[in-house]
Amino acid sequence: MSDEKKIFIDEDWKSQVEREKEAFAKQPESAPAPEIGSHELPPASFEMLVTTFASEAMVALGQLPNPFTNEHSISWDHARYTIDMLQIIEDKTKGNLSTDEAAILETLLHQLRLAFVTLQKEYNNPAPDGGGLKL
């Protein structure tokens, strides 16, 4: 894989998640300490929802390692599906998002679509006919 090119997605959404983590870390600890071996989940938020799908798409595009196998591989159908799910979120929430939330979602969709198309061209894998990924 050393000869393969990788496309790196803009870091804006990552910095948003980092700010959320920092804000969460600054909250007072009123709850009892978690048990050893348990994992604390970040607070639920719109940004966390869309970054979860974006991360899944990046794994499917081979830009991040699969968390189960720690390997990079491309799954066109899975990438298309997760990008389409983000498109549905954008369609169904139009007019109900803050300016920042709408911008995050729009930027993620643009970057993921660009990565999808660029990688398909690089791997000479034309998009299958019918449905999916709106460009």
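Here is a short tour, from the whole chain down to single residues.

**Stop 1: the whole protein.** Keep in mind that this is a predicted model. Switch to a cartoon view and look for four helices and zero strands. Of the 135 residues, 31% count as buried.

**Stop 2: helix H4.** Select residues 99-122, which make up H4. This helix has 24 residues and reaches 34 Å from its first C-alpha to its last, close to the 34 Å expected. Color its buried residues, among them Ile-104, Leu-105, Leu-108, Leu-112, Ala-115 and Leu-119. Residues three or four places apart in an α-helix point the same way, because there are 3.6 residues a turn. Just after H4, click on Asn-124, which takes a positive phi of about 50°.

**Stop 3: the nonpolar core.** Which members of the largest nonpolar core touch the most others? Select Val-50, Leu-61, Leu-86, Ile-89, Leu-105 and Leu-112, out of 21 residues in this core. Helices H2 (46-60), H3 (76-93) and H4 each supply at least two residues of the core. The largest share, eight residues, comes from H4.

**Stop 4: Leu-61.** Zoom in on Leu-61 and show what is around it. Leaving out residues up to four places away in sequence, Leu-61 touches Ser-73, Ile-74, Trp-76, Ala-79, Leu-112, Ala-115, Phe-116 and Leu-119.

Note on methods. Residues numbered from 1 in each chain as written. Predicted model: local features only at pLDDT ≥ 70, side-chain atom pairs only at ≥ 80, totals over all residues. Heavy atoms only, no water. Core = buried A, V, L, I, M, F, W, Y, C linked by side-chain atoms within 4.5 Å. Buried < 20%, exposed > 50% of the residue type's maximum accessible area, 1.4 Å probe, protein only. Contact = heavy atoms within 4.5 Å. Expected span 1.5 Å × (residues − 1).
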